[in-house]
Amino acid sequence: MVYREAVEAEPYARAVEAAGAEPVLREAVPGLKLGECRGLLLTGGSDVDPSLYGETPVPETEPPDPDRDSAEAALIDEALARDLPLLAICRGMQILNVHLGGSLVQHLPTAARHVRRTPDKSLPAHRVTIEPGTLLSSIAGSEIWEVNSRHHQAIARLAPGLRVGARDAEDGTIEAVELPQRRFVLAVQWHPENQAPTDAGQRRLFERFVATL
């Protein structure tokens, strides 16, 4: 599991532990390798550098973190080459899409409905519609999920090979993607690590990830 701030990694670690696996936490630094790890979990965090998809930053875009971008890109390559399970959350979904050739909306015109920062991070912010026949659909067992949300960026151009797994029910923002060519590559734009303690559906995301390790 890759992180930048140790305290922010704790909910992800607890969700992985609850699903039955021992998390291996590593700060995002250049030269990081998966080694004997059996999967990769990419966590939330700051915005991906727009130069990686050929754009200059808009005023709302956060300062880049090139060390994290490059470290996570290398880990994505290693995980895909070894066909290891990969679960990507929020920023993790964005760096996955960018690294595979996609681009991002740097600031959503509907950001107000996606950036919901509350003391209780598990509170739902909006609904997503899950695409039938997808990996996410097989996990969810439902066409609609209520999810939390705190992102102001999202996928613009979908990377080659990725498939949309869910969209915002109102504005159509891509909320989940997957890579059917691999055993388990699933990325979501919300934060299931915060919802997992009280939401069985969100727990299943981590349980399926762990079951594939």
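Mentor: A residue is called buried when its relative accessible area is under 20%, exposed when it is over 50%, and partly exposed in between, with a 1.4 Å probe and protein chains only. This is a predicted model, in which local features need pLDDT of at least 70, side-chain atom pairs count only at pLDDT 80 or more, and totals for chains, interfaces and linings use all residues. Residues are numbered from 1 along each chain as its sequence is written, and side-chain values use heavy atoms, with hydrogens and water left out.

Trainee: Which residues of α3 are buried?

Mentor: Helices (H or I, at least four residues) and strands (E, at least two) are DSSP runs, numbered from the N terminus. In α3 the buried residues are Arg91, Gly92, Met93, Gln94, Ile95, Leu96, Asn97 and Val98; because these make up eight of the nine residues of the helix (residues 91-99), α3 is largely enclosed by the rest of the structure. Just after α3, glycine 101 has a positive phi of about 110 degrees.

Trainee: What percentage of the 213 residues of the protein count as buried?

Mentor: Of the 213 residues, 54% count as buried.

Trainee: How many helices and strands does the protein have?

Mentor: The protein has seven helices and 11 strands. Its radius of gyration, taken over C-alpha atoms, is 16 Å, close to the 17 Å of the globule rule (2.2 Å times the number of residues to the power 0.38) for 213 residues, so the protein is as compact as a globular protein of that length. Along its principal axes, the C-alpha trace spans about 40 × 35 × 35 Å.
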